[in-house]
Each structure stands twice: as structure tokens, then as C-alpha cells.
Amino acid sequence: MVSTPLLEAAELISRERVAPGFWCLGFRSPEIARRARPAHYVAIDLPGTFSVRLPLGIWTARDDTFTLLFREWGERTTRLACIADHEPLSIIGPLGNEFSLPDTGKRAVIVAGGIGVVPFWLLVRELLAAKVRTTVVLGARSKHMLVGVDELRALGAEVKICTDDGSAGTRATALDLARELAPPDIFYGCGPPPLLRALGEHANAAGIPCQISMEETFGCSMGTCWGCVVPIRRGSPQAVGYPRATNEKREYDFARVCVDGTVFWSREILWNR
Amino acid sequence: MEPMIGAALESDLDLSVELGALRLRNPIIAASGCYNRGAEFGRIMDVGAYGAVTLKSVTREPRLGNEMPRLLSTPGGLLNAIGLQGPGIAYFLEHEAPKLQSVPTAVIASVAGFSVGEFAEVASRMDGIPGIVAIELDVSCPNVDAEGACFAEDPSSTAAVVEAVKARVTKVPIIAKLTPNVSDIKPVARAAEAAGADALSLINSLRGMSVDVDRARPWLANSSGGLTGPAIRPIGVYHVWQAATAVKIPIIGMGGIENGRDALEYLMAGATAISIGTANFRDPLAPLHVGESIAAELRKRSFTRVRSLTGMANPDFAGVRA
């Protein structure tokens, strides 16, 4: 279900450097915090020189505050990390669709790569509340890039960690580790495209439903500019559904990540074109 | 939700403008391509703050658009190559046009085409559709008839499109949207006027590109794209200034308008109305902020009509301040 967003001036109330180059910022915004659902994101207008809004996934939401966990990567995220204390920022949110939950008693495995952990705090909270047995497999390049582990464990989730260099947890990829587990009833994934593609192909081959939160460069974050599309199977629910031009050779359709997603079923995403 | 229009605007001031036979309650328009079907931003603000919104361009055939990535943020601007993704005129008329009457302001349709005949056909099928008060011709896309150039790069091609459309569209005014990718816009503006255009929109995006040096490939899947945002504002103001010395028909100025002062630059250069495009992505309340700035400027100068600002900085302004 797509959220009804708000345009709010949210006040920055906390800032924590959780790892080198990784920040967790807290904002007071009762309505965005109350409406936040798993996989929702916000679009932030950063003061200073021109840029379009920065979209960032919501990490935690409690009472009247929500937090954003992000990696400093590029000009806009660096600017956000330096925002003055108590400065109100113009934030639109919550935006996007949300993950679907399986029935009580089912098993879920979450596969997250690096900062791809972001949509999963809210999801884990929902899954555990719905009595879904949940394992999070969290991978990163090294232990310095592993974030969110303590917060997920504090919710009561089983969290397995791995790193490419073996500096924390198992030396493996998140998907390798997930494959060692008993096949779940549903996979969830977020992270670098190669990991998501491998996860999607694994889930599709095993016949296990898999939901993936996708990323693309956003322009408007509101579904107007058609800048952030992903190719998906024609006829799938999130496909645009326009008629075909007579000379159109492509067999897929496009969906907008900003409003038709960010969550898509792995079976709908066309990894190979 | 913000009030329909800022308190500063509900006053003694006359903000209405005329674009040919079209009268708008204020001079602030949402630019084509940035407002899709006029409804999306209504989730967070009142679209009624706009004097009009311009729809994303419609072509004769459905178009899937370009591969991604389609967008790149550049210093002061946004490079895009969406590729006119859209449903085609038949689907638009059946599924999307009926919803336009619920848009709480005037709606300007936009037509794009690859031949003179395509423009004429699509525009004529939009003529008289309830809710559509004017049709803008995006004569800035590649022209198959002229081997890949843009219609608006050439005065006679521009005139051919406008003439063909005017011959078949009788119920609403026609606005020709011109490209800045010319060394002199005056001959193109004159040609559009002589062919019967009721107003001009300028400027469309500037052709540009960026290279990803790590991968040694263009950033955009389409290689090149259109640059919008504040980086192009001085170019837009220049072209409006130039065109305003050449034609009498009203001009809608656009390109990098983010706030009231930007809008005033365009009005004083010779625009009758202004359009906000990329700035919506940053500030969906831009029409309110721009409107309030225009109102404040009028009060400062003891003007009562926004039309008084049109061309006031341009000594060779040839248009009408009606």
C-alpha cells in the first residue's frame, strides 16, 4: 500500500557517528514517525546550493521521532551529516510502498548488504510482532562497514554477520550464509545490485517468494518525472500497463522506484534483459 | 496543507494574466515534464496555487522511454533523458483525460511529435477535451522530417508545425515551446508568431551530457540529455529578453526559476507568465513562495497589476502589457 506523505519541518534532535563514514540522525516529527512502515523513505531538502531532494530510508521510528542511518557518500550525504543541531529540515514522508508480511508461524530470512540494512529495523519489529521466525543475514566489506547489528539484536532478531575480509563474523557473502539456512517461507533483500540480483535468482530458482527494496537515482520522489525506473515483467501489478507501440521491441515494462516501489517481488524484476 | 494561495495574494492585487485568449488567475505555471498528469503533487500541497499546470508531453504512439540511468544531478542543475515515456494519445484520451477536470487549476496539455503530421493529429485530438485550456507544442524533440534536428532549431520547421496545428485546432490557444539550442532565437520566435502561435514558452532544456570517468562511459544510458535547474537560468532570461524584442505575442518564461526574484527576472525581461519545473522537486510549495514574492514586489513599487512588471527592464520590449 502506498503511504500518504506529509511535507514537514522536522527538527534534528540527535546525531551519532556509528562507524567511520556512517551516521545515525534523529528527527522529531510525530506524524512521519507514526505513519512509518517497513521500507518507507523520506525525501529531504538540503539547505545550500541547488540539488533535488535526498531520498533516505527510515531506520527506526518510535513515539514522535524517527532516525535515518546513512553512509556519507557524495556531496548531499556529507551536507546532511553536517546539518546544525536543532535545524528544522523540510522533509517529505513517509514515501513509497511497504514490505508484505507472511502469516504467523512462517519463517523469514532477511539478506542485507552494508547500508542495505536500513529498511529492516521496522520490518524486523513487524515480523517479530506477527510471530514470524526471523533471521537477518547482514554482510559488509569489513567490520568497519557493519552497522545496525546491535539495534536489530535488541529487537530480538537472530542476526548472522559476515564480511568479505573476515574481520567480523564469517568470511562469506550474505547470500552464501543465507543459503546455508533452511529454506524460509520468504526472503527480503536490500543492498548492492549484484547481491540483490544473486538473491533474486536464488529465490526464484528455489521457488521462494522474495521481496527486494530497490534503489535508483530519484528526481521528484513523487512519481511525476519518470526518472527512477526499473524494468519489470510486463503485466505485473506494478507495471505501468500502457499499450505497446507497434515498433517497441522491448518485452518488459518500467515501474517507478519512488512510488511504484521501492519494494518489488524478485519474480517481477527483470535482471537479464 | 497550505492555503490555496498565499494570503499575500488574496488582496487588492491583480495577478491575472492573458496568454492569447487564455486568462489565468495568476502567472505561475507548472512546467511540462515535471508535473506528469497534474495530480501527483496534490498528495502534499494544493495544486490550485498554480495559475495553470502543464502536463507531461503526449505523443501519438505509446513510448517506453529511455533505459536507465535517466537522471544525473550536476552542479546547479539536473541532467535528464527520460525519453518521453508516455501512453500515447489514445490511452491518454480514454484513461487520463477524464481525470483532468478534478485538477484544481487550469490544465495546459503538451504535445510532442516526430513529424508535422503527428503534431497536428495529436493536438487536434486534444482540442475541446474538457479541462484542457491550451496546448503547448514541444517542438524541441528530434525531427524525423528534418533528419534528426529539432523543429525549433529552424524557423521554417517551427512554422510548419504551428501552421499545421492551427489549421486543425480551433477551440484553445496554441503555445510553441522553443529550444535554447540556437544562436539566435528571434527568427524562430517570429516564425512561430507569423504561423499563428498564440504564445511562446521558452526555454526548453539545454542539450548536455556528463561522462563517468571511472567507467569511461557517459553517465546517462542515452548518452546525452537535457539540462534544467538554476544553471540554465541566465540563458533562459537571455532568450526571453531576445524574443520579447521580436514578437508581440505573450511569452511564458522558464528555466531555473526557484524563487520570486528568479521569476521577476523573467517577467522584467519580457515574460507575461513564468513556469516552475525542476524546483518543484526540491520545493513543492514553490508556487506559493514565488507568488508571495511577486506580490511583495508589486507592493514595493505601488503597482496593482502583475502585468506592469512584464518587460519593464527591457527597453526594446515589443509585446503587449495588456
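Colleague: What percentage of the 322 residues in chain B is buried?
Modeller: Buried residues make up 62%. Buried means under 20% relative accessible area, with a 1.4 Å probe and protein chains only. This is a predicted model, where local features need pLDDT of at least 70, side-chain atom pairs count only at pLDDT 80 or more, and totals for chains, interfaces and linings use all residues. Residues are numbered from 1 along each chain as its sequence is written, and side-chain values use heavy atoms, without hydrogens and water.

Colleague: How many helices and strands does chain B have?
Modeller: Eight helices and 16 strands. These are DSSP runs, numbered from the N terminus: helices are H or I with at least four residues, strands are E with at least two.

Colleague: Why is strand S14 of chain B largely enclosed?
Modeller: Because four of its five residues, 224-228, are buried.

Colleague: Which strands pair with S14(B)?
Modeller: S6(B), residues 77-80, pairs with S14(B) in the antiparallel sense over three bridges. S11(B), residues 206-209, is also antiparallel to S14(B), over four bridges. Pairing takes at least two DSSP bridges between two strands.

Colleague: Which residue of S14(B) stands opposite Asn80(B)?
Modeller: Gly226(B). Gly226(B) is also the bridge partner of Arg207(B).

Definitions and conventions. Chains are lettered from A and ligands numbered from 1 in the order in which they are written. Buried means under 20% relative accessible area, exposed over 50%, partly exposed in between (1.4 Å probe, protein chains only).
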